[in-house]
Amino acid sequence: MNRERIIGLFLRYTYVYRRSWIRVLEFVFWPLMDLLVWGYLTLYLTGSPKNFSSPFQFLIGAMILWDVLYRTQLGITLSFLEDVWSKNLINLFVSPITIGEFFVATILVGITKSLLIVGLLGTIAALFFHFNLLQLGTYLLPLVCNLFLMGAACGILTIAFLLRWGQAAESLAWAIPILFQPFAAVFYPLHVLPSSIQPLSFLIPATHVFEGLRSGLEGIYAYNHLLWATALNFCYLGLSFILFKHFFSIAKEKGLLVKLGTQ
């Protein structure tokens, strides 16, 4: 892989935010509104602004960490869509840039956006809702890294669908992470779900991350969940990349790439 090409792509996808306050506003607005809603809901449930019990603390922590996954996936997918919307897709794929370099650059964009928004939300949560995400210490790092990995897998999968079904599938960019949310036990423990659904939830890496987060806030570090999440993430990353390669070949054979890039 060529490091300069990766840096060039990274800058190309991040510079669009320098001259567009609308993009910055959209990037910050929704996570901030979610935090305020969940923060004040937590305040109401606890009945005291300074006495958050662990189960309610978890709601704010889950909301912030869910945004790590969502922003990573969205950072990858929107970078691809920027090329579609600006009719630059053909230029991108006829250049010497490889698929691997493209994904490394877009994943870095997604991770950067996630870190920025988590830093902002974490600061606001500490100041206004007395919730300190850093109380998890080094245990927080593998939780966040696993969400980066799942976000990357979801992003590659979404781009594969866009290649196959064109701009008609654009809504999947926002829908795919939400599809997993009810079954990933984000805001409630896994045992709350029906027993028939729990085996399916167990196969979602985010389920293990949020089960691990709940345990971590209670002072119990569930490393078995982290191992499961990591193993599943690498499996899904491999499968999503294989699917992308398959749909990319079909798109080239049928000329879908040209159509998608010039619609």
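Student: Among contacts in the chain between residues at least 6 apart in sequence, what percentage join residues at least 24 apart?

Tutor: The model is predicted, so local features need pLDDT of at least 70 and side-chain atom pairs pLDDT 80 or more, while totals for chains, interfaces and linings use all residues. Residues are numbered from 1 along each chain as its sequence is written, and side-chain values use heavy atoms, without hydrogens and water. A contact means heavy atoms within 4.5 Å. Among contacts between residues at least 6 apart, the share that joins residues at least 24 apart is 79%.

Student: Is Glu211 buried or exposed?

Tutor: Glu211 lies in helix H9, residues 205-217; helices are DSSP runs of H or I with at least four residues, numbered from the N terminus. Buried means under 20% relative accessible area, exposed over 50%, and partly exposed in between, with a 1.4 Å probe and protein chains only. Because its relative accessibility is 15%, Glu211 counts as buried.

Student: Which residues does Glu211 touch, not counting residues up to four places away in sequence?

Tutor: Glu211 has its place in helix H9. With residues up to four places away in sequence left out, Glu211 touches Ala185, Pro189, Leu190 and His225.

Student: Which residues of H1 are buried?

Tutor: Helix H1 covers residues 3-15. On the other side of H1, Arg3 and Glu4 are exposed. The buried residues of H1 are Ile6, Leu9 and Tyr13.

Student: At the start of H1, which residue's side-chain oxygen reaches the backbone nitrogen of Glu4?

Tutor: Glu4 is exposed. The side-chain oxygen that comes to within 2.9 Å of the backbone nitrogen of Glu4 belongs to Asn2.

Terms used:
Helix = DSSP H or I, 4+ residues; strand = E, 2+ residues; numbered from the N terminus. Expected span 1.5 Å × (residues − 1). Polar contact = N/O pair within 3.5 Å; in protein donor to acceptor, adjacent residues only side chain to side chain.
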